[in-house]
Amino acid sequence: MLSRNLAFKRGLCLSRRLYNCRFFSDLPLSGVKVVDLTRVLAGPYCTQILGDLGAEVIKVEHPTRGDDTRAWGPPFAERLDGEKSQESAYYLCVNRNKESIGLNFKDKEGQNILKRIISQADVVVENYIPGNLAKYGLDYDSLKKINPGLIYASITGYGQTGPYKDRPGYDVMVEAEFGLMHITGDPNGHPVKVGVAVTDLTTGLYAANSIMASLIQRGKTGRGQYLDVCLSDCQTATLANIASSALISGKPDAGRQGTAHPSICPYQSFDTAQGGSVMIGGGNDKLFRLVCDALGKPEWKEDPRFIDNTSRVKNRDILVPAINEITKTQPTAYWLEVFERYQFPFAAVNDIQSVLKHEHTKARNMVTEIEHPDCGPIKLVNTPVKYSETQPSIRTAPPTLGQNTIEIMTKFGYTENEVEQFKKSGIVG
């Protein structure tokens, strides 16, 4: 009965995939072929964005180990047949709308297979150490000879040039070295990393954006190009106003501010009863006066210490504790109800389960469910941008390791018998 249910689930998954293909051709990147040679987060996040937008993404994985993140658990999705799952939550979050081929390209024949696939591709995305793929003839200079229109994006920690280029690149190290960690955390506490690998994610976004710009450029010139994308550059770019302030003033940054803002007060989280927190944003004088009314402190509106934002920033050591003494007398839910009557920015500080079950999250369809071939229904965070005409969607679940090997190789001219021989020799999986 279990095997029959599994077969049914796989059939349902396939039927949904075929159904979704009806709308596939309408998506913005429909017809674009991407070869994904990336692992972990920045690269897979980039290629998932391209896949969401309609690109055909072929994820090339080691035939037995696969993407490193397949083993990064618990938690793992539970398989329908009760066997141990290779589908970690980490892997599942950045590999939807892709096909997986297990391929050992350290083998000469594996290189030939991959080159045949790339010869018909539009985009290659890789995140190997600089120079590593040249050993296999899979670097840009080698591949552009067989595919002059190829767009080739290399995602690394520190780029293809510079004194750090040979360092292995990890999000947390780049957060530390390139400023983000220094400005994150409590004012009197230690520097801390952001709760998600945000430098990986911003690098993935920059890479996807650059690839799409390159596709537009190729449409004008017919030429592909090489994209050198790295975490350190993207992290420096996303320092935004903090970097601009340091450049313009020539002075050191203001350091860690916790949830506060160095130039606005009050603009941070405050304690509430029962261990909660609430954000309050008095971003200008009008909004601050509304905050005063909501907190039952109308006299603060005329207090010379708080009369304008400059004064409030100067006297934040007085104002912030005074607000905190008021907010901690009631739970968060009480303050949310009170603040709703006033037109200033406020928010509960929610944990992740609260976010995923949030009424606004549901209303915006930000959590969706899709059939996985081995695990049945799984929930995933949905693609965020809403399109009026060509809405991206999760068409296929993140693939199992080598799920599409036969399908991909036969599409590129190999017979099923040849594929079986490659499997026996360990070249594909």
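This section describes the overall architecture, charged contacts, surface patch and backbone geometry of a predicted model.

The protein comprises 429 residues, of which 44% are buried. Its secondary structure consists of 17 helices and 11 strands. The C-alpha trace extends over about 85 × 60 × 40 Å along its principal axes. Among the contacts with a separation of 6 or more, 68% are formed by residues 24 or more positions apart.

Charged side chains were examined next. The protein carries 49 positive and 48 negative side chains. The centres of these two sets are separated by 2 Å. In total, 17 salt bridges were counted. Three residues, E56, E99 and K411, are joined in a network of such bridges.

R312 is paired with D285, with the closest N and O atoms 2.9 Å apart. This pair connects distant parts of the chain, since R312 belongs to helix α11 (residues 309-314) and D285 to helix α10 (residues 285-294), the two residues being 27 residues apart. R312 has a relative accessible area of 0% and is therefore classed as buried.

A second salt bridge is formed between D303 and R305, for which the closest N and O atoms are 2.8 Å apart. D303 is classed as buried because its relative accessible area is 15%, which falls under the 20% limit for that class. R305 has a relative accessibility of 36% and so counts as partly exposed.

A further salt bridge joins the side chains of K165 and D166, with an N to O distance of 3.4 Å. D166 is exposed, its relative accessible area being 51%, a value that lies over the 50% limit. K165 is partly exposed, with a relative accessible area of 30%.

The surface also includes a nonpolar patch of about 380 Å². The patch is made by I352, V355, L356, V367 and V381. Helix α14, which covers residues 352-356, gives the most to this patch, supplying three residues. Another member, V381, is located in strand β11 (residues 376-381). V381 counts as partly exposed because its relative accessibility is 47%; membership of a patch requires over 30% relative accessible area.

Several features of the backbone were also identified. Most peptide bonds are trans, and most residues other than glycine have a negative phi. Against this background, the peptide bond from P74 to P75 is cis, with omega near 5 degrees. P75 is situated in the loop between β2 (56-61) and α3 (89-92). A cis peptide bond is likewise found between C265 and P266, where omega is about -5 degrees. P266 occupies the loop between α9 (240-249) and β7 (267-271).

Positive phi values were found in residues other than glycine, including A240 and N365. For A240, phi is near 50 degrees, and the residue lies in helix α9. A240 is partly exposed, with a relative accessible area of 43%. For N365, phi is near 55 degrees. N365 is placed in the loop between α15 (359-363) and β10 (367-372). A relative accessible area of 44% makes N365 partly exposed.

Methods: Residues are numbered from 1 along each chain as its sequence is written. This is a predicted model: local features need pLDDT of at least 70, side-chain atom pairs count only at pLDDT 80 or more; totals for chains, interfaces and linings use all residues. Side-chain values use heavy atoms; hydrogens and water are left out. Patches are made of residues with over 30% relative accessible area and no salt bridge: like charges are joined within 9 Å, nonpolar side chains (Val, Leu, Ile, Met, Phe, Trp, Tyr) within 5 Å. Accessible areas come from the Shrake-Rupley method with a 1.4 Å probe; for residues, only the protein chains shown count as cover. A salt bridge is a side-chain nitrogen of Lys or Arg within 4 Å of a carboxyl oxygen of Asp or Glu. Helices (H or I, at least four residues) and strands (E, at least two) are DSSP runs, numbered from the N terminus. Buried means under 20% relative accessible area, exposed over 50%, partly exposed in between (1.4 Å probe, protein chains only). Contact means heavy atoms within 4.5 Å. Lys and Arg count as positive and Asp and Glu as negative; His and the chain ends are not counted. The place of a charge is taken as NZ of Lys, CZ of Arg, CG of Asp or CD of Glu.
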